[in-house]
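Here is a friendly briefing to read alongside the model. Take a look at the sequence and the structure first, and then we can walk through the geometry together.

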2 protein chains.
Amino acid sequence: MTHPSKRISGLLGGGSDGWGVFNRARRMIADGIDVTELTIGEHDIRTAAPILQDMHRAAMAGHTGYAAVPGTNALRDTVAARVAARTGVPTTRDNVMITPGGQSALFAAHAAACDPGDIALYLDPYYATYPGTLRGVSAEPVCIRTRADDAFQPRAADIAAKANGARSLLINSPNNPTGVVYSRTTLEGIAAVCRDHDLWLISDEVYDTQVWEGEHISPRTLPGMAERTLVVGSMSKSHAMTGSRCGWIVGPEAVIADLINLATHTTYGVPGFIQDAAVFALDQGEALEDEIAAPFRRRRALAQKVLAGQNAISLVPAQGAMYLMLDVRSTGLSGEAFADALLDAHHIAVMPGESFGTAAAGHLRVAMTIEDTAFEAALQTLVRFAEEKAGAQ
Amino acid sequence: MTHPSKRISGLLGGGSDGWGVFNRARRMIADGIDVTELTIGEHDIRTAAPILQDMHRAAMAGHTGYAAVPGTNALRDTVAARVAARTGVPTTRDNVMITPGGQSALFAAHAAACDPGDIALYLDPYYATYPGTLRGVSAEPVCIRTRADDAFQPRAADIAAKANGARSLLINSPNNPTGVVYSRTTLEGIAAVCRDHDLWLISDEVYDTQVWEGEHISPRTLPGMAERTLVVGSMSKSHAMTGSRCGWIVGPEAVIADLINLATHTTYGVPGFIQDAAVFALDQGEALEDEIAAPFRRRRALAQKVLAGQNAISLVPAQGAMYLMLDVRSTGLSGEAFADALLDAHHIAVMPGESFGTAAAGHLRVAMTIEDTAFEAALQTLVRFAEEKAGAQ
């Protein structure tokens, strides 16, 4: 075989990909072992039937040809109205491009912000695809560690220290993997760094309907930020439509126009019948979003109950998203060693904090994505296991 | 607004985008004028109802979560078996990655072949997105003109003359815009250049079920080529599923593995229910493909009849795909001037050859994508118009 580009052969950046425990759990399942998976950021429900029925109606009505590359006017208008209503920032269809999912939006946003070799900043701990996405656009990823002591709220000074010559900063609130929602103070600090260093802020807000405590603030609302912020949104988490691959970028009109040119050459648009279904789903309003979010809200409350009255594990403030970040450093084990041992001893799979960088070492990410009773039982087992390990120290 | 990357602000490369006549026709239609559009490469039928019903069945059965990023095993296996059966080249699922459409496959294939600044070769006349796709991966596009006198069959020597230091060559047979099918001699010459210069050959074969004359040969079948060829395929043209955005790349296992890593960071897979529908459609076999191709075969025969017994227009051998390339140089007009005048005089819209580069200047691309009677009448009007112009010379 002739050699592939360095861009793709080096995409993963070498080293562990962080999926060791996950993959081992999947192999155990394939071997017939009953494993409780608390690993994946995906609902334990399917896309609601009325949404799928609307999709089918659109397809049978003939919406099966090429859809407009920027997205249908109907979906662009619906997303724009929703963003305007939620944030107060004037937003029209010309500020919106529909993408085949949030990951595609993350990639396109970085392609828009960075030329090859440009520095693209991101925060540790991070969602698994972030560094590879930056390498995928041939940018130079530079990581900024947040601190467990700050509950992983990034410090503006830490970002500013690496911002010289950078072109973009990627943030995610509500945050995967930490479950933290960035405070207004945090976001104002980030915005100031972006303005001072002329950075694009790429704001991954795909969990914006899953807030348990405090308030989701889109940084696009902050002074001088609408002109330099690209917001990534998606139907995946808010409407349990992960498999439909439907997301968007919201940003300044001129860069959206450029992004449409990029989309013509990278994706050529999103299926029209899926976009129609997305309009239908969004038109259901907050009631449906709350219904989709409710199981995670419930399980978070269960977790708080289970974790009360023990000292082996401390819970990073679980303010949003479908994850809990558990600090197990009292056990003396790394997150990876703990997760490996837990999988062996109790057939419970969680993600080690080390899967998401270095800042969440000694932590575990627990996805609240299984049915309540099983979730509570697994968490109780996990707590007892941590207590044994901490006691054995 | 802070400035976007040069990658996206310069994506179109400046100059006319070749869509002037098309856009003017669309504006006329919006103003209520009855325009006959022979511009777009899209069927005048919709996706067949049984395919859409299978899609709905899959969705309602719960295939609405994240699908595996490389594609479902079922679709990868189906595509692999189809490619193996049609070409004789051993092909397994590990040689196949499913993509959200052929354009996405073209982009990914070039990302796999080229690092930023690498030279990527392509042929003139070309499908509209080709140069922008190469710029989109930050490659340096280098164009090689084919010749009207050769019926646009590329000459190996012309390619070799620009191949030093290049990483890839993009070809398309059956060809859009010319309707030419590359001969075995042409493809063997191209293969030799690729082997001699260690090039990736990116072979866009999305029209491989639309062959009216001669034989479609996939260059992956030629000696030493399976290891350096990335074949781009799609459900769009063969199964009238343009709006479903479902395609694939077939290539060496190792680069497919790298491409899967890229897909994790660019698209995160293709909707599972769409992939299930694609399996259903492919399982219908050649009967369905022939049915989808039949209207173009019929209209090509109509065109040959209309064009017989006149001398103003000569038809580039219409061997495949849904287009006719008409040589109108006898009129003394450029393709653009002819198309503009035809639109004004008779409200018939065709694409000037100049929309696809410089090699097809003085030509018109006619899409055979309207109902037979209207198609024949429009072509008769076009011929009379050419005769008037040629006679007035």
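Helix 3 of chain A and helix 10 of chain A make a right-handed crossing (right-handed if the near helix is turned clockwise from the far one by less than a right angle, left-handed if anticlockwise). This is a predicted model, in which local features need pLDDT of at least 70, side-chain atom pairs count only at pLDDT 80 or more, and totals for chains, interfaces and linings use all residues. Residues are numbered from 1 along each chain as its sequence is written, chains are lettered from A and ligands numbered from 1 in the order in which they are written, and side-chain values use heavy atoms, with hydrogens and water left out.

**Helix 3 with helix 10, chain A**

- The axes of helix 3 (residues 49-60) and helix 10 (residues 272-283) of chain A come within 8 Å and cross at roughly 140°; helices are DSSP runs of H or I with at least four residues, strands are runs of E with at least two, and both are numbered from the N terminus.
- Axes here are lines fitted to C-alpha atoms, for helices over the stretch in contact, and angles run from 0 to 180 degrees between N-to-C directions.
- Helix 3 of chain A and helix 10 of chain A are therefore oblique to each other (under 35 degrees counts as roughly parallel, over 145 as roughly antiparallel, 65 to 115 as roughly perpendicular, and the rest as oblique).
- Among the contact residues are A:Ile51 and A:Met55 of helix 3 of chain A, and A:Phe273 and A:Phe280 of helix 10 of chain A; contact means heavy atoms within 4.5 Å.
- By class, this contact of helix 3 with helix 10 in chain A has ten nonpolar, no polar and two charged residues; Ala, Val, Leu, Ile, Met, Phe, Trp, Tyr, Cys and Pro count as nonpolar, Asp, Glu, Lys and Arg as charged, and the others, Gly among them, as polar.

**Helix 5 with helix 9, chain A**

- Helix 5 (residues 102-113) and helix 9 (residues 253-266) of chain A have axes 10 Å apart and pack at an angle of about 115°, which means that helix 5 is roughly perpendicular to helix 9.
- In helix 5 of chain A, A:Ala108, A:Ala109, A:Ala111 and A:Ala112 meet A:Val255, A:Leu259 and A:Leu262 of helix 9 of chain A.
- The contact of helix 5 with helix 9 in chain A divides into seven nonpolar, no polar and no charged residues.

**Helix 11 with helix 13, chain B**

- In chain B, the axes of helix 11 (residues 286-307) and helix 13 (residues 372-391) come within 10 Å and cross at roughly 30°.
- Helix 11 of chain B and helix 13 of chain B are therefore roughly parallel to each other, and their crossing is right-handed.
- Seven nonpolar, one polar and five charged residues make up the contact of helix 11 with helix 13 in chain B.

**Backbone details**

- A cis peptide bond with omega of about 5° joins A:Asp124 and A:Pro125, and A:Pro125 lies in the loop between strand 3 (119-124) and helix 6 (130-136) of chain A.
- A:His347 is not a glycine, yet has a positive phi of about 55°.
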